[in-house]
Amino acid sequence: VESSQPVTVTQRVRQQFNQEIITGKGMNGIGKEFYLASQTEIESTVTGNFTNYHGLHYVSIVALEDSTEILIKASTGNTFTNGMDSVTFQLNRGESWVSTMQDDKVLLGTKVTSNRPIAVTAGGNHLKTSSAINADAGIDQVTPTEHLGVKHVVLRGCANYPQDYFMY
């Protein structure tokens, strides 16, 4: 998306399940170091109880320049679908890479670093909390550490305790 004046870009995923609104960060979403968050208060994912859907946490990375070296290191106790807690790879401009987490694992605390600018999107689909009937998505374009702040405003949702929470 390009414009002649500054704009906010929001993507809406509208489907029977996993409805989501994702706000693009523009140049504030471009960086070399990121920490990921993902929904943690889940009742079940792939190997747990489910009703015709599977929970899925994932990270997606796109390179802005050729020869971009990327390292992803999951937090302690979490592994990617390759069975490892870290992965290193190289991308060229416009190329992307996606990985999901192993069953019942989360992205919370995963660190992504690169030698050149990248954009990172992370979250999950089909994530069901213990008090929910349906499962929804939780996806965001991640803010690089250089743009993180020390004061934030957190908006309360409409969920019941303890399903209304935030991650940091």
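## Report on an all-strand model

Serine 67 is partly exposed, with a relative accessible area of 32%. Here buried means under 20% relative accessible area, exposed over 50% and partly exposed in between (1.4 Å probe, protein chains only). Serine 67 sits in the loop between strand 4 and strand 5. Its phi is positive, about 55°, although the residue is not a glycine. Most residues other than glycine have a negative phi.

The model is predicted, so local features need pLDDT of at least 70 and side-chain atom pairs pLDDT 80 or more, while totals for chains, interfaces and linings use all residues. Residues are numbered from 1 along each chain as its sequence is written, and side-chain values use heavy atoms, with hydrogens and water left out.

**Overall layout**

The protein counts 168 residues, and 32% of them are buried. Valine 7 is not among the buried residues: its relative accessible area is 53%, which makes valine 7 exposed. Valine 7 belongs to the segment before strand 1, and strand 1 covers residues 10-13.

**The nonpolar core**

How many residues does the largest nonpolar core have? The number is 20. Such a core is a set of buried Ala, Val, Leu, Ile, Met, Phe, Trp, Tyr and Cys residues joined through side-chain atoms within 4.5 Å. Val59, Ile61, Ile72, Val112 and Val120 have the most contacts inside this core. Strand 4 (56-63), strand 5, strand 6 and strand 8 (111-127) each supply at least two of its residues. Strand 8 gives the largest share, 4 residues. In soluble globular proteins, nonpolar side chains tend to be buried together.

Take isoleucine 61. This residue belongs to strand 4. Isoleucine 61 has 0% relative accessibility and therefore counts as buried. Tryptophan 97 is 36 residues away from isoleucine 61 in sequence, yet their C-alpha atoms are 5.3 Å apart in space.

Strand 6 spans residues 86-91, and its side chains alternate. Val87, Phe89 and Leu91 point to one face and are buried.

Strand 5 (residues 68-73) runs antiparallel to strand 6, with 6 bridges joining them. Two strands pair if DSSP finds at least two bridges between them. In this pairing, lysine 73 stands opposite serine 86.

Phenylalanine 89 has 12% relative accessibility, so it counts as buried. The count of aromatic pairs is 1 (ring centres of Phe, Tyr or the six-membered ring of Trp within 6.5 Å; planes under 30 degrees apart are stacked, over 60 edge-to-face, the rest tilted). The partners are phenylalanine 89 and tryptophan 97. Their rings are stacked, 4.3 Å centre to centre, with 15° between the planes.

**Salt bridges**

How many salt bridges does the structure hold? There are 3 (a side-chain nitrogen of Lys or Arg within 4 Å of a carboxyl oxygen of Asp or Glu). Side chains of opposite charge can pair when their charged atoms come close.

| Salt bridge | N to O distance |
|---|---|
| Lysine 111 – glutamate 33 | 3.3 Å |
| Arginine 116 – glutamate 65 | 3.8 Å |
| Aspartate 85 – lysine 73 | 2.8 Å |

The pair of lysine 111 and glutamate 33 links distant parts of the chain, 78 residues apart. Lysine 111 is in strand 8, and glutamate 33 is in strand 3 (residues 30-35). Lysine 111 is partly exposed at 28% relative accessibility. Glutamate 33 is partly exposed at 29%.

Arginine 116 lies in strand 8 and glutamate 65 in the loop between strand 4 and strand 5, so their pair ties together parts 51 residues apart in sequence. Arginine 116 counts as partly exposed at 30% relative accessibility, and glutamate 65 does so at 33%.

Aspartate 85 lies in the loop between strand 5 and strand 6, and lysine 73 lies in strand 5, so this pair ties together parts 12 residues apart in sequence. Aspartate 85 is partly exposed, with 32% relative accessibility. Lysine 73 is partly exposed too, with 36%.
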